[in-house]
Amino acid sequence: GINAEYMGGFLRNNFCRSLDATGLGLQACLTNIDTLLQLCDPELHKCMQAQLDHHLYAVRWLMLLFSQDFTLPDVLRLWDSLFADPHRFCLLFYFCVAVLVALRADLLLADPSTMMRLLNDLQTLDVQALLDTAQSFYTKHGPEPVVNLKE
């Protein structure tokens, strides 16, 4: 089942401004996504940095763990994978990068408002394919690039 204490600790830390300068806060989570995108797709990272602040889309992803973006069975499949991650949500950051990479072709050609529309309408993406991509990135790069998220 879902470990509410485990999940609650992760989400609670995202709301504590005092933790933003540590490896536990929301800023660290956003930094993780930025770092991993640069590692996995430097060209897309450069484009995204120039066009759109990652706070505008990734905060919602992190706070809601994609619960507004996919159907319930897909969300449960995603959450099952996230809670099974031995490195406390490291897979979540790779999943965020997998979403960006899945939308790569459109994002590279888009203006900021189109980017936001694309990043807020993920229902057409295949969650299993995204998980496979995220796991591939995770296997290749491991948890090391991610800021320590242990309490």
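**Entry 1. Helices α4 and α6**

I record that α4 and α6 are oblique to each other, where angles under 35 degrees count as roughly parallel, over 145 as roughly antiparallel, 65 to 115 as roughly perpendicular and the rest as oblique. The model is predicted, so I note that local features need pLDDT of at least 70 and side-chain atom pairs pLDDT 80 or more, whereas totals for chains, interfaces and linings use all residues. Residues are numbered from 1 along each chain as its sequence is written, and side-chain values use heavy atoms, with hydrogens and water left out.

I looked up the geometry behind the α4 entry: the axes of helix α4 (residues 55-64) and α6 come within 11 Å and cross at roughly 135°. Axes are lines fitted to C-alpha atoms, for helices over the stretch in contact, and angles run from 0 to 180 degrees between N-to-C directions. The helices themselves are DSSP runs (H or I, at least four residues; strands are E, at least two), numbered from the N terminus.

On the α4 side, Tyr57, Trp61 and Leu62 meet Leu92, Phe93, Cys96, Val99 and Leu100 of α6, contact being heavy atoms within 4.5 Å. I sorted the residues of this contact into 8 nonpolar, no polar and no charged. In this scheme Ala, Val, Leu, Ile, Met, Phe, Trp, Tyr, Cys and Pro are nonpolar, Asp, Glu, Lys and Arg are charged, and the others, Gly among them, are polar.

**Entry 2. Helices α2 and α6**

I then turned to helix α2 (residues 26-40) and helix α6 (residues 90-102), whose axes come within 9 Å and cross at roughly 55°. That angle makes α2 oblique to α6. The crossing of α2 past α6 is right-handed. I listed Cys29, Asn32, Ile33, Leu36, Leu37 and Cys40 from α2, which meet Phe93, Tyr94, Cys96, Val97 and Leu100 in α6. By class, the residues of this contact come to 10 nonpolar, 1 polar and no charged.

**Entry 3. Helices α6 and α9**

I looked up α6 against helix α9 (residues 127-141): their axes come within 8 Å and cross at roughly 120°. The pass of α6 over α9 is a right-handed crossing. From α6 the contact takes Cys90, Leu91, Tyr94, Phe95, Val97, Ala98, Val99, Val101 and Ala102, and from α9 it takes Val127, Leu130, Leu131, Thr133, Ala134, Gln135, Phe137, Tyr138 and His141. I count these residues as 15 nonpolar, 3 polar and no charged.

**Entry 4. Val97**

I picked out Val97, a residue of helix α6. Val97 has 0% relative accessibility and therefore counts as buried (under 20% relative accessible area, with exposed over 50% and partly exposed in between; 1.4 Å probe, protein chains only). Beyond its neighbours within four places in sequence, Val97 is in contact with Ile33, Leu36, Leu37, Cys40 and Phe137. For Val97 and Cys40, which lie 57 residues apart along the chain, I read a C-alpha separation of 7.9 Å.

**Entry 5. Two aspartates in loops**

I placed Asp85 in the loop between α5 (72-84) and α6. Asp85 is buried, at a relative accessible area of 5%. Its side chain makes a polar contact with the side chain of Tyr138 (2.7 Å). A polar contact is a pair of N or O atoms within 3.5 Å; within protein, one must be able to donate a hydrogen and the other to accept it, and residues adjacent in sequence count only if both atoms are side-chain atoms.

I found Asp41 in the loop between α2 and α3 (42-51). Asp41 is also buried, at 8% relative accessible area. Leaving aside neighbours within four places in sequence, Asp41 is in contact with Val101 and Arg104.

I checked Leu65, which lies in the loop between α4 and α5, and found its phi near 50°. Phe66 lies in the loop between α4 and α5, and its phi is near 65°. I noted both because most residues other than glycine have a negative phi. Leu65 is buried at a relative accessible area of 1%, and Phe66 is buried at 0%.

**Entry 6. Overall counts**

Of its 151 residues, 49% count as buried. Among contacts with a separation of 6 or more, 76% are between residues 24 or more positions apart.

Conventions
A crossing is left-handed if the near helix is turned anticlockwise from the far one by less than a right angle, and right-handed if clockwise.
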